[in-house]
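Please read the following points alongside the sequence and the structure.

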Amino acid sequence: MTKINRTIEIAIVGLGQVGIYLYNELNIKKNEIEKKTGKKIRIVAISAKNKNKKRRFNISKKIFYTDPFKIFKNRRIDILFECIGLSDGISKKIVETALRNKINVITPNKALIAKHGDHLAKLAEKNKVNLEFEASVGGGIPILRTIKEGLATNRINKVYGILNGTTNYILSEMENNNETFEKVLQKAQKLGYAEPGNPKLDLNGFDAFAKIRILSALSFNTKISKANCIMEGIENIKLEDIKIASQLGLRVKLLGISQIISGQLFETVHPCLVSKNTYIGNVNGVMNAVITEGNPVGESILQGEGAGPGPTSSSLLSDLLSILRGNIKYPFGISSIKRKSIKSFNNDHYANSLYLRFQVKDKQGVLSLITNRLAKYKISVKRIIQTPDKKNKKATIVIITHKTTEINAKNCLSVFRKNHKILKFLTLIRLYN
Ligand code: HSE
């Protein structure tokens, strides 16, 4: 930030769970911020749709704007926090307007950065202001600054982990308390973990995928990818799968994975079965963990609370201090001109062991129907468990396969969805290699 000796004037746009928590934190931590940066701050504008909504902390109505664009006309702002959270629309317009007006922007909005980060970074660079988004990935975990600064000269070839607090919390609570998906989701919403207004974005993998795109761009110094890789959420994971997995010493985790394979970018988000004895298998509840593999540093792990207004505000304030202390930085660590586009790896060649759960008629020949089909596609069975349901003349068959590729599994398994002896082909979960 260019040297300013006067008080730094701040605007917050969006007063949902995160915005209001941030507002309170900034007020509480004013003196500490001054002690650490030598700069005085003052919130001079706040904006949300509804001025009179009941909020967790009291707001000053004197600085309230129902139309956030009026802030630009009426006030001189140095730093604007965008806390609305949309990938487009008003969120994008606010950020663009701020950057064009040479206002530094801080946002936790991963949907916006994953979609428009390249364009917004260019705009920030052109206007010589900062665009910071530490809170967009991993909640309170300082992973972006770690990649940009702490690991700056490493060659990173893989970054992966648990990137969504809501889904990790849901999976853990289901396993620990035998609770249904719906019940745990309600608790996650109350705790402020789920995305504002639309928990679907957490459940279907979209939120974690946006974070993976941002991590890839920073780790590999590339443009944000636009490719359609595998994006699956946890909506089809049932309590039964979690229990069966547990008996097998496994745990379901929604993993985001990004790596460079033969010079191509491979990004995925999908549920994985991981051993309970692994590090990642023990990252539970709202915790996120991001693992980077770099040269020469080796493997580094950062773990922390990945969702909720407290951890998110921690990262937002870290961005604020970075701006108050330093010069203007490239939003993605290097200049936009130097970030290259990268080709995507073909998903068809992605290979994993698979967990397959079927519900079948308990009749002769059904099991061999399944195993013969697998054999035809050279998919080898590693483990098989059949649990009869005598009363209904049905059985549950769970098969763990050896490794096979996506395309082979797809071609082999599609037939089961139509076969009347296989009542239901219920679940496919990849095992993490
Ligand atoms: N909804 C997100 C999550 C919040 O559950 O991880 C932080 O991005």
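Leaving aside its neighbours within four places in sequence, with which residues is Leu120 in contact? The points below refer to a predicted model.

1. Leu120 is in contact with Val95, Glu96, Leu99, Leu112 and Leu131, once neighbours within four places in sequence are set aside. The residue belongs to helix H5. Leu120 has a relative accessible area of 0% and therefore counts as buried, the limit being under 20%. Asn101 lies 19 residues from Leu120 along the chain, and the C-alpha atoms of these two residues are 13 Å apart.

2. Helix H4 covers residues 89–100 and helix H5 residues 110–126; the two pack at an angle of about 15 degrees, with 10 Å between their axes. Because angles under 35 degrees count as roughly parallel, H4 and H5 are described in this way. The crossing of H4 past H5 is right-handed.

3. On the H4 side, the contact is made by Ser91, Lys92, Val95, Glu96, Leu99 and Arg100. H5 contributes Leu112, His116, His119, Leu120, Leu123 and Ala124. Sorted by class, the residues of this contact are six nonpolar, three polar and three charged.

4. The count of disulfides, taken as pairs of cysteine sulfur atoms within 2.5 Å, is zero. Cys272 is in no disulfide, and the nearest cysteine sulfur, that of Cys229, is 14 Å away.

5. Is Cys272 buried or exposed? Its relative accessibility is 1%, so Cys272 counts as buried. Cys412 is buried as well, with a relative accessible area of 0%.

Methods
Residues are numbered from 1 along each chain as its sequence is written. This is a predicted model: local features need pLDDT of at least 70, side-chain atom pairs count only at pLDDT 80 or more; totals for chains, interfaces and linings use all residues. Side-chain values use heavy atoms; hydrogens and water are left out. Axes are lines fitted to C-alpha atoms, for helices over the stretch in contact, and angles run from 0 to 180 degrees between N-to-C directions. Helices (H or I, at least four residues) and strands (E, at least two) are DSSP runs, numbered from the N terminus. Angles under 35 degrees count as roughly parallel, over 145 as roughly antiparallel, 65 to 115 as roughly perpendicular and the rest as oblique. A crossing is left-handed if the near helix is turned anticlockwise from the far one by less than a right angle, and right-handed if clockwise. Contact means heavy atoms within 4.5 Å. Ala, Val, Leu, Ile, Met, Phe, Trp, Tyr, Cys and Pro count as nonpolar, Asp, Glu, Lys and Arg as charged, and the others, Gly among them, as polar. Buried means under 20% relative accessible area, exposed over 50%, partly exposed in between (1.4 Å probe, protein chains only).
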